[in-house]
Amino acid sequence: MITREQIPTVLDHPVHDARGDKIGDARHIFFDDVTGEPEWVSVRTGLFGTSESFVPIHDAALVEDHLEVPYAKDQVKDAPNVDIDAGGHLSEQEEERLYQYYGINWDAAWQGASAGTGQATGTTGTTGTTGTTDDAMTRSEEEMHVGVARREAGRARLRKYVVTEEEQHTVPVRHEEVRVEREPISDTNRDKAMAGPDISEAEHDVTLYEEEAVVETRAVPKERVRLTTEEVTEEETVSGEVRKERIETEGTDEQGDQRRRR
């Protein structure tokens, strides 16, 4: 059980479950109005500590720098949400609902708190700063803590496919043509001209050649393509609601005001 002297060590420190897993951070300690002993601890849970769950503190223990409660993490996070009145108290109905959720005998707890007092309130008071009772009132405010969560924003993919395009290239090609050359009989060619019969028939063939354009394709590597990522930092503004307590004074002539807020 946590003593009043240990409360400053508990507040704003981690709260672990029975297996040692962190549930969240202790936010407030609630006292029994009759016995004045710590009864409940509220724990900030959820993303960025935006939720607050109530846990019985009677069987909790202070272990090094954290509070350890005999309940599972999921059980605490799924605890019913309860309303706190303007005076920072749990109603009898809300407290009974929490007792039932955690499997605690409500009648036994209620009778134990009221024994020898002549009254049975079944309610608990709250404090967030100290374990002593004095004549001062504590004013608290919620503070906004903004963080970032990484999530998948999309996917990119490289896909290779084949397209057919028509290309035109101009290349020079050569071909042979027949040209008839005539030369008169002269002393230099007379012997060759007179080598055959005087009158006869004859044929002489010449083979002609030409070039033609020939197309072939070869696969040639051109470039390497890959996907990479880079981080870009942008400014994003978020907004949310925070609750703040205000303390109202009555019956005071401070600076001439009868009612004053701060």
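A salt bridge is a side-chain nitrogen of Lys or Arg within 4 Å of a carboxyl oxygen of Asp or Glu. This is a predicted model, in which local features need pLDDT of at least 70 and side-chain atom pairs count only at pLDDT 80 or more, while totals for chains, interfaces and linings use all residues. Residues are numbered from 1 along each chain as its sequence is written, and side-chain values use heavy atoms, with hydrogens and water left out.

Q: How many salt bridges does a search of the whole structure find?
A: Side chains of opposite charge can pair when their charged atoms come close. Arg139, Glu141 and Arg246 are linked in a network of such bridges. Over the whole structure, the search finds 12.

Q: Which residue forms a salt bridge with Asp25?
A: The closest N and O atoms of the pair are 3.4 Å apart. The partner of Asp25 is Lys22.

Q: Is Arg19 buried or exposed?
A: Arg19 meets Asp21 in a salt bridge, at 3.2 Å from N to O. Asp21 is partly exposed, with a relative accessible area of 31%. Because its relative accessible area is 71%, Arg19 is exposed.

Q: What is the relative accessible area of Arg174?
A: Arg174 forms a salt bridge with Glu211, with the closest N and O atoms 2.8 Å apart. Glu211 is partly exposed, at 34%. Arg174 is exposed, and its relative accessible area is 61%.

Key
Buried means under 20% relative accessible area, exposed over 50%, partly exposed in between (1.4 Å probe, protein chains only).
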